[in-house]
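Student: Could you take me closely through the nonpolar packing and the aromatic pairs of this model, in one connected account?

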Amino acid sequence: VVPLEVSDEIWRCAVVGQCADDMFTVIEEELLTRDLGSFNTQHLANMAWAFVVLEHSRFHKMSQSGVKLLQRVLDVASRRIDEFALEELRQLGQVTLATRDRGSEERESGFALLVKDALRKHHGDQEIACPTSSQLHLQVASSLESLGLPVHNEVKVFEGVYHIDIVLGAGDPEDGSNKVAVEVDGPTHFVQNTRQPTPHTSLKRWLLSREGYAVVSVPFFEWQSYQLAEEHKSYLVGKLREVGWDMRAMAVTAPTEQ
């Protein structure tokens, strides 16, 4: 088993959200007999992330051997945590969020705490660079602001494991309680030539929802079907109502008409 070939194969399966059961089982069982010490940090992070994505994919559920393999990967990663690059740590952060019980404090202990501390060490006292907002993002944010809503853009959550495009609601935007996470989803968030979210996008939505956010997706193809400002505002109001959000409770003083 060549580490690069194995980790790449599992990662490719996760990117498309499916894997042939027979092949997946062979990979799992084979890796359980191997010394993972020869795998570098990118191999380990890719494998852990891929197994979590496949577990929560609509196409595949993790087998018992997959659970054992994920634990072995994390055990090896814990002993080499200082070797992981920032993006690899973010992958491991997604893994810890996905595998802990909701409402538990597991994120503050064990391997999860190692990842959190490593992320903090990488960031140091410097601010985490925010992604550059797309033109579509800026349009959506502007429409929400015109509705008199408290808008927070590019919100860092979970020590920078994710950035949320837009958070609506008063108070700390990193606290998901009584908040709406608006994800402005461009073409890269969907499987090519379909309207099906990529596994990466689906996992992020699920994790944000699990952490208490009401998640609203604004797909590019829906937004582009409207042209007028009032149509965009009506569309967003409808989206917020779909997740049961009380516009009156969330709204701040609306802008004065000129």
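Tutor: A residue counts as buried under 20% relative accessible area, as exposed over 50%, and as partly exposed in between. With those cut-offs, and keeping in mind that this is a predicted model, Tyr226 counts as partly exposed because its relative accessibility is 32%, whereas Tyr235, at 10%, counts as buried. The structure holds five aromatic pairs, and one of them joins Tyr226 to Tyr235 in a tilted arrangement, with 5.4 Å centre to centre and 40° between the planes. Elsewhere in the account of aromatic rings, Phe190, Phe220 and Phe221 form one cluster.

Turning to the nonpolar cores, the largest has 43 residues, of which Leu31, Ile81, Phe84, Leu92, Val157, Ile164 and Leu203 touch the most other members. Two or more residues come from each of several elements, including helix H2 (21-32), helix H5 (86-99), strand S1 (151-157), strand S2 (162-168) and helix H8 (199-210), while H3 gives the most, with nine residues. Because domain 1 (4-125) and domain 2 (135-243) both give residues to this core, it lies between them. Ile81 shows the packing in detail: leaving aside its neighbours within four places in sequence, Ile81 is in contact with Leu89, Leu92, Phe111, Leu114, Val115 and Ala118.

Methods. Residues numbered from 1 in each chain as written. Predicted model: local features only at pLDDT ≥ 70, side-chain atom pairs only at ≥ 80, totals over all residues. Heavy atoms only, no water. Phe/Tyr/Trp six-rings, centres within 6.5 Å; stacked < 30°, edge-to-face > 60°. Buried < 20%, exposed > 50% of the residue type's maximum accessible area, 1.4 Å probe, protein only. Core = buried A, V, L, I, M, F, W, Y, C linked by side-chain atoms within 4.5 Å. Helix = DSSP H or I, 4+ residues; strand = E, 2+ residues; numbered from the N terminus. Domains from an automatic or database assignment. Contact = heavy atoms within 4.5 Å.
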